[in-house]
Amino acid sequence: LVTVIVSPNAKPIKIGDKSFWKCKSLAYLVLPQGSSAVENSFFGCTLLKDRFGNETDSIVAGLISRFDNVSVHGLCYFQTSTTAEELRRCIENQDDAEESLVDEFGMTPFHVLFSS
């Protein structure tokens, strides 16, 4: 499992025990603000733990803010609700385009787009 798409307008989610058990490659998941998870929800999720730490709360916080600093990536993740005009404006408004081409997982917006 690499991608889980959650609607950008979704209510907070409570992730249950072992929900993503050993999903080693899970990288594309954005949680709505206010979401939570119980211990062992991300057991064996090595990619998430490498990026956000071993604690469930830090993983949840990282997934809530997953695309905060890479807005083009976020628009590509939420592609079903993103217009070409929104994407164009976002790209034009980038302060330092080179820095925002790769996110903390080493992914470009195109990786996100084609994994969603």
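Reader: What does Glu-85 form with Arg-88?

Author: Glu-85 and Arg-88 form a salt bridge, with their closest N and O atoms 2.3 Å apart. A salt bridge is a side-chain nitrogen of Lys or Arg within 4 Å of a carboxyl oxygen of Asp or Glu. This is a predicted model: local features need pLDDT of at least 70, side-chain atom pairs count only at pLDDT 80 or more, and totals for chains, interfaces and linings use all residues. Residues are numbered from 1 along each chain as its sequence is written, and side-chain values use heavy atoms, leaving out hydrogens and water.

Reader: Where do Glu-85 and Arg-88 lie?

Author: They are three residues apart in helix H4 (residues 84-92), so about one helical turn separates them. Helices (H or I, at least four residues) are DSSP runs, numbered from the N terminus.

Reader: Which residue does Arg-88 also pair with, at 2.5 Å?

Author: Arg-88 forms a salt bridge with Glu-92. Shared partners join Glu-85, Arg-88, Arg-89 and Glu-92 into one network.

Reader: Is Glu-92 buried or exposed?

Author: Glu-92 is exposed, at 53% relative accessible area. Buried means under 20%, exposed over 50%, and partly exposed in between (1.4 Å probe, protein chains only).

Reader: Now the cysteines: how many disulfides are there?

Author: There are zero disulfides, a disulfide being a pair of cysteine sulfur atoms within 2.5 Å. Cys-23 is in no disulfide, as its nearest cysteine sulfur, that of Cys-45, is 5.1 Å away.

Reader: Is Cys-45 buried or exposed?

Author: Cys-45 is buried, with 0% relative accessibility.

Notes
Helices (H or I, at least four residues) and strands (E, at least two) are DSSP runs, numbered from the N terminus.
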